[in-house]
Amino acid sequence: MNYIKIMNNQKSKLAFNSTNYLLMIIGIIILSLGFYIMTLDNETYGFGFIGLTLGPSIVVFGFLFEIVAILYRGKKN
């Protein structure tokens, strides 16, 4: 009987909640978009603005977004 009471009083031991997972999925979508944008460049070997500047900038933003998604703690009750 005490074991059931102890289990009901414990908080979830999972590291992430649903908000973290949602933010991580959004980050993966941003990363995929950045890599896709890099393939759209028509210049030789991707040396145009899209392949050399815009796409990698979006990928870096995606990685930073992923770090924020992992570190996000949410509001305390």
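Guide: Let's start with Leu54, which is partly exposed at 33% relative accessibility. On this scale, buried means under 20% relative accessible area, exposed means over 50%, and partly exposed is what falls in between, using a 1.4 Å probe and protein chains only. Before going on, keep in mind that this is a predicted model, in which local features need pLDDT of at least 70 and side-chain atom pairs count only at pLDDT 80 or more, while totals for chains, interfaces and linings use all residues. Residues are numbered from 1 along each chain as its sequence is written, and side-chain values use heavy atoms, with hydrogens and water left out.

Leu54 sits in helix H3, which covers residues 49–71. Helices here are DSSP runs of H or I with at least four residues, strands are runs of E with at least two, and both are numbered from the N terminus. Leaving aside residues up to four places away in sequence, Leu54 touches Ile37 and Phe49; a contact means heavy atoms within 4.5 Å. Ile37 is 17 residues from Leu54 along the chain, and their C-alpha atoms are separated by 7.7 Å.

Leu54 also belongs to a nonpolar surface patch of about 480 Å², made together with Tyr36, Leu40, Phe49 and Ile50. Patches are built from residues with over 30% relative accessible area and no salt bridge, joining like charges within 9 Å and nonpolar side chains (Val, Leu, Ile, Met, Phe, Trp, Tyr) within 5 Å. The areas come from the Shrake-Rupley method with a 1.4 Å probe, and for residues only the protein chains shown count as cover. Helix H3 gives the most to the patch, with three residues. Leu40, another member, lies in the loop between H2 and H3 and is partly exposed, with a relative accessible area of 43%.

That loop has another residue to look at. Tyr45 is found in the loop between H2 and H3, and at 72% relative accessibility it counts as exposed. Its phi is positive, about 60°, although Tyr45 is not a glycine. For background, most residues other than glycine have a negative phi.

Leu31 is buried, with a relative accessible area of 12%. Not counting residues up to four places away, Leu31 touches Val59, Gly62, Phe63 and Glu66.

Thr19 and Gly74 are 55 residues apart in sequence, yet 8.0 Å apart in space, C-alpha to C-alpha.

What about the aromatics? Rings of Phe, Tyr and Trp (its six-membered ring) pair if their centres lie within 6.5 Å, with planes under 30 degrees apart called stacked, over 60 edge-to-face, and the rest tilted. By this rule there are three aromatic pairs. In one of them, the rings of Phe16 and Tyr21 have centres 5.9 Å apart and planes at 80°, so the pair is edge-to-face. Phe16 is partly exposed at 27% relative accessibility, and Tyr21 is partly exposed too, at 45%.

Finally, the whole chain. The protein has three helices and zero strands, running α-α-α from the N terminus on. Of its 77 residues, 21% count as buried. The accessible surface comes to about 6600 Å², with 68% of that belonging to carbon and sulfur atoms. Among contacts between residues at least 6 apart in sequence, 61% join residues at least 24 apart.

Notes
A salt bridge is a side-chain nitrogen of Lys or Arg within 4 Å of a carboxyl oxygen of Asp or Glu.
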